[in-house]
Amino acid sequence: MAKQEDVFKTIVAHAKEYGFVFQSSEIYDGLSAVYDYGQNGVELKNNIKRYWWEAMTMLNDNIVGIDSAIFMHPTIWKASGHVDAFNDPLIDNKDSKKRYRADVLIEDEIAKFDEKINKEVAKAAKRFGESFDEAMFRQTNPRVLEHARKRDELHTRFAEAMNANDLNELKQIILDYEIVDPISGTRNWTDVRQFNLMFKTEMGSTADGAMEVYLRPETAQGIFVNYLNVQKTGRMRIPFGIAQIGKAFRNEIVARQFIFRMREFEQMEMQFFVRPGEELKWFDHWRQTRLRWHKVLGLGDEKYRYHDHEKLAHYANAATDIEFQMPFGFKEVEGIHSRTNFDLSQHEKFSGKKIQYFDPELNESYVPYVIETSIGVDRMFLSVLCSCYEAQDLGNGDSRVVLHFPAPIAPVKCAVLPLVKKDGLPEKAREIQHRLRFDFTCQYDEKDSIGKRYRRQDAIGTPYCITVDHQTLEDNTVTLRERDSMEQRRVSVDELEKILGDVVSLNSLLKKLI
Ligand code: ATP
């Protein structure tokens, strides 16, 4: 565990050192849980967004995009339930004066039982060697079964308390399981209270009677309130979807794990409007489609799992998270929710406007049902960064840090490097760079030894280095070095666009999706 934590710290430090992610307002000692993306980070982030956007809007005839404002009429948040119910249960430790989410403390306690089970399995696997039957061991070993029973017992009690919004019971669970504050080590807890996560501000001058508005906590409501606009102007027929990428804001109680939980973050959401009664079929469709989108990136199929929700929001009739194996465990990256017709019905009620669809095939009007796919750009970024980072031992005392980014989303696609800074090589290298820059993000670097320059490109995940040497001037060929294998081959300058294009274009990913 400690080792994984160290790896994570190293990745965070690398992200800063190489211009991916900076703490916000750093020269003023930083702002908690707010981050800025640097020169390489913004390219990676934009590429992730483009992969999502094009997969949604270009590969589906019936999905269109919008870009709605962050400020919205405050009644929207009343209608959506956020004013009354977008709360987290918080608890303070009186000794450390630290604040925690009560539900997270209990979830961590539940996870400990799984850790114990995994330890038993690992121990037994070592003892029995090749003949070890893991499935059988998990089903029959008394210690494993006892841990599993205790885990399920706690899980059931926790789910019931959450469903009933029973804050006293949450506190009682924390006391009964003797959960201690990781900092003070004590059990000196306050009562559990609800805390609303929305940021408030004022719009208009106070003299005019300013209106209290919220920074949106999700982008979804901007889609719902534009449902009629898009359906009518785009002449959309059900089933159809509306996609949006944009900032969201949540005053998270506990902000930790770098960009995993931020107070200002970005979401990519798609709301898919369907006939009532067909929502579970579409839920299943999107559940599978979205996992496929993740897997096509090639970060490792085993790093993903579904987590079906026990506690459903009152409006939902099915919900799944796609979790990714971060250095700190499997964590939610995306949520897929069957939201029934809750949101549109609420907006009908609160706005007084009819929000319905006339279905020509059924010859009837109804409020459409909705399947939502909602993914955090920053969490996606983190999952890519963590799984692509490798500190590689190259033998003979040599090593490198390399980011094995999937080539189509790498921030820089190629670097053109003159072997030496004279004899006309820089000029030739510049000429090649100018040719390539229309299609690829392409850097030019002539400082330091060629080995150091390769390392610098490895550290930001550039898939190809193109080295220009004296032979280039004679026969117009260059050395093409591939990041992961470090293999070098001689190719003609005229072939570069084709070789790179096949590997680094987003199309190479998109084509695998259909
Ligand atoms: P969590 O349980 O981790 O707080 P959530 O279930 O509240 O997340 P949703 O409301 O379903 O999250 O939001 C959809 C997606 O938005 C999440 O899967 C996640 O990727 C992203 N997201 C939510 N909150 C944050 C945050 N504070 N920082 C970064 N990304 C976030």
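1. Met-211 has its place in strand E8 (residues 211-215); helices (H or I, at least four residues) and strands (E, at least two) are DSSP runs, numbered from the N terminus. Met-211 counts as partly exposed at 36% relative accessibility, where buried means under 20% relative accessible area, exposed over 50%, and partly exposed in between (1.4 Å probe, protein chains only). Together with Phe-71 and Met-203, Met-211 makes a nonpolar surface patch of about 250 Å². Patches are made of residues with over 30% relative accessible area and no salt bridge, like charges being joined within 9 Å and nonpolar side chains (Val, Leu, Ile, Met, Phe, Trp, Tyr) within 5 Å. Accessible areas come from the Shrake-Rupley method with a 1.4 Å probe, and for residues only the protein chains shown count as cover.

2. A word on the basis of these notes. The model is predicted: local features need pLDDT of at least 70 and side-chain atom pairs count only at pLDDT 80 or more, while totals for chains, interfaces and linings use all residues. Residues are numbered from 1 along each chain as its sequence is written, and side-chain values use heavy atoms, with hydrogens and water left out.

3. How many salt bridges does the structure hold? There are 45 salt bridges, a salt bridge being a side-chain nitrogen of Lys or Arg within 4 Å of a carboxyl oxygen of Asp or Glu. Side chains of opposite charge can pair when their charged atoms come close.

4. One of these pairs joins Asp-445 to Arg-456, with the closest N and O atoms 2.8 Å apart. Asp-445 lies in the loop between strand E20 (442-444) and helix H15 (450-460) and Arg-456 lies in helix H15, so the pair ties together parts that are 11 residues apart in sequence. Asp-445 counts as buried at 12% relative accessibility, and Arg-456 counts as partly exposed at 30%. Arg-456 also meets the side chain of Asp-448 in a salt bridge (2.7 Å, N to O); Asp-448 is partly exposed, at 42% relative accessibility.

5. Helix H15 also holds both Asp-458 and Arg-455, which are three residues apart, about one turn of the helix. Their side chains form a salt bridge at 3.9 Å, N to O. Is Asp-458 buried or exposed? Asp-458 is buried, with a relative accessible area of 0%, whereas Arg-455 counts as partly exposed at 26%.

6. A network of salt bridges links Arg-275, Glu-278, Lys-281, Asp-359 and Glu-361. Of these residues, Lys-281 lies in helix H11 (residues 279-296) and is exposed, with a relative accessible area of 52%. From C-alpha to C-alpha, Lys-281 and Ala-313 are 19 Å apart in space, and they are 32 residues apart in sequence.

7. The ligand has 16 residues around it, of which Glu-252, Arg-261, Met-262, Glu-332 and Val-333 come nearest; a residue is near a molecule if one of its heavy atoms lies within 4 Å of it. The residues of this shell divide into four nonpolar, five polar and seven charged. Here Ala, Val, Leu, Ile, Met, Phe, Trp, Tyr, Cys and Pro count as nonpolar, Asp, Glu, Lys and Arg as charged, and the others, Gly among them, as polar.

8. Which atoms approach the ligand? A polar backbone atom of Met-262 is 2.8 Å from a nitrogen atom of the ligand, and a backbone N or O atom of Phe-260 lies 3.4 Å from a ligand nitrogen atom. An N or O atom in the side chain of Arg-379 is 3.0 Å from an oxygen atom of the ligand. Taken alone the ligand exposes 590 Å², and the protein buries 85% of that. Strand E10 (264-274), strand E13 (329-338) and strand E16 (369-376) are the elements that give two or more residues to the shell; E13 gives the most, with five residues.

9. Some backbone details deserve a check. The peptide bond from Ile-238 to Pro-239 is cis, with omega near 5 degrees, and Pro-239 lies in the loop between helix H10 (227-233) and strand E9 (240-249). Ser-25, in the loop between strand E1 (21-23) and strand E2 (35-37), has a positive phi near 50 degrees although it is a residue other than glycine. Ala-33 is found in the loop between E1 and E2, and its phi is positive at about 65 degrees. Ser-25 is partly exposed, with a relative accessible area of 33%, whereas Ala-33 is buried, at 6%.

Note on methods: Polar contact = N/O pair within 3.5 Å; in protein donor to acceptor, adjacent residues only side chain to side chain.
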